[in-house]
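Colleague: I have a few minutes before group meeting. Can you put the model up and take me through it?
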Amino acid sequence: MSQQTASFAAGCFWGVEARFREIEGVLDAVSGYMGGVVENPGYKDVCGGQTGHAETVQVTFDDSKVSYRELLDQFFDMHNPTTLNRQGPDFGSQYRSAVFWHDEEQHSAARQKIKEINESGKWPSAVVTVVAPATTFWRAEEYHQRYFEKNGGGFCHV
């Protein structure tokens with residue numbers, strides 16, 4: 001087994017985390033924050049829009065069972081990557097679409113996937129997903145982890 005890490009932001013992290021957990025080969029998916037300038041941010045800080053962080057899901061996966069490319073496919077299928085700082089009813093930079101890459105292979109794969117989506121004409125607008133190097137991942141408060149498992153269904157754009 002080769003354990004790898006991937007980090008994705010696609011709006012509210014509850015549904016994104018739940019969807020990644022359904023994928024065979026995903027070992028863990030954790031809700032948190034990435035891409036901002038404040039150390040150890042909390043949910044209220046991030047929702048205030050001043051930290052620069054995005055609600056992010058950090059995925060640990062076995063790349064002998066699921067490839068990074070397959071995770072990218074799932075990521076781009078679970079949200080609208082053409083809406084700037086918005087997914088469903090959630091809006092603000094903390095809900096932006098982003099791929100935070102951990103190595104050059106991930107960086108290249110993300111850029112290639114966006115190019116393919118734009119060329120396919122799947123969406124009437126261009127993909128606005130940010131592709132940026134992974135920075136410190138700050139785990140969200142415990143009540144956000146496995147939110148749907150703990151609280152039942154609910155509304156989420158995913």
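Colleague: What share of the contacts between residues at least 6 apart in sequence join residues at least 24 apart?

Modeller: 77% of them do. Contact here means heavy atoms within 4.5 Å.

Colleague: What should I know about the source and the numbering?

Modeller: This is a predicted model: local features need pLDDT of at least 70, side-chain atom pairs count only at pLDDT 80 or more, and totals for chains, interfaces and linings use all residues. Residues are numbered from 1 along each chain as its sequence is written, and side-chain values use heavy atoms, with hydrogens and water left out.

Colleague: How many helices and strands are in the chain?

Modeller: 5 helices and 8 strands. The order from the N terminus is β-α-β-α-β-α-β-β-β-α-β-β-α.

Colleague: And how compact is the chain?

Modeller: As compact as a globular protein of that length, because its radius of gyration is 15 Å, close to the 15 Å that the globule rule gives for 158 residues. The radius is taken over C-alpha atoms, and the rule is 2.2 Å times the number of residues to the power 0.38. Along the principal axes, the C-alpha atoms fill a box of roughly 40 × 35 × 30 Å.

Colleague: What percentage of the residues count as buried?

Modeller: 46% of the 158 residues. Buried means under 20% relative accessible area, exposed over 50%, and partly exposed in between (1.4 Å probe, protein chains only).

Colleague: Now the sheet. Which strands does E1 pair with?

Modeller: Strand E1 (residues 3-10) runs antiparallel to strand E3 (residues 54-62), with 6 bridges joining them. E1 is also antiparallel to strand E6 (residues 97-101), through 4 bridges. Pairing takes at least two DSSP bridges between the strands.

Colleague: Is Thr60 buried or exposed?

Modeller: Thr60 is buried, with a relative accessible area of 19%. Not counting residues up to four places away in sequence, Thr60 touches Gln3, Gln4, Gly25, Val26, Leu27 and Asp28.

Colleague: Which residues of H1 are buried?

Modeller: In helix H1 (residues 13-21), they are Phe13, Trp14, Gly15, Val16, Glu17 and Phe20. They pack against E1, strand E2 (26-34), H2, E3, helix H3 (68-77) and helix H5 (147-151).

Colleague: Switching to charges. How many salt bridges are there in the whole structure?

Modeller: The search finds 10. The criterion is a side-chain nitrogen of Lys or Arg within 4 Å of a carboxyl oxygen of Asp or Glu.

Colleague: What does Glu116 pair with?

Modeller: Its salt-bridge partner is Arg69, at 2.2 Å from N to O. Glu116 lies in helix H4 and Arg69 in helix H3, so the pair ties together parts that are 47 residues apart in sequence. Glu116 is partly exposed at 30% relative accessibility, and Arg69 is partly exposed at 29%.

Colleague: Where is Gln112, and how far is it from Arg69?

Modeller: Gln112 is in helix H4 (residues 104-120). Gln112 and Arg69 are 9.9 Å apart, C-alpha to C-alpha, and 43 residues apart in sequence. At 35% relative accessibility, Gln112 is partly exposed.

Colleague: What does Lys115 bridge to?

Modeller: Lys115 forms a salt bridge with Glu119, with the closest N and O atoms 3.6 Å apart. The two are 4 residues apart in helix H4, so about one helical turn separates them. Lys115 is partly exposed at 43%, while Glu119 is exposed at 60%.

Colleague: And Glu142, what is its partner?

Modeller: Lys150, with the closest N and O atoms 3.6 Å apart. Elsewhere, salt bridges that share partners join Arg69, Asp73, Lys113 and Glu116 into one network.
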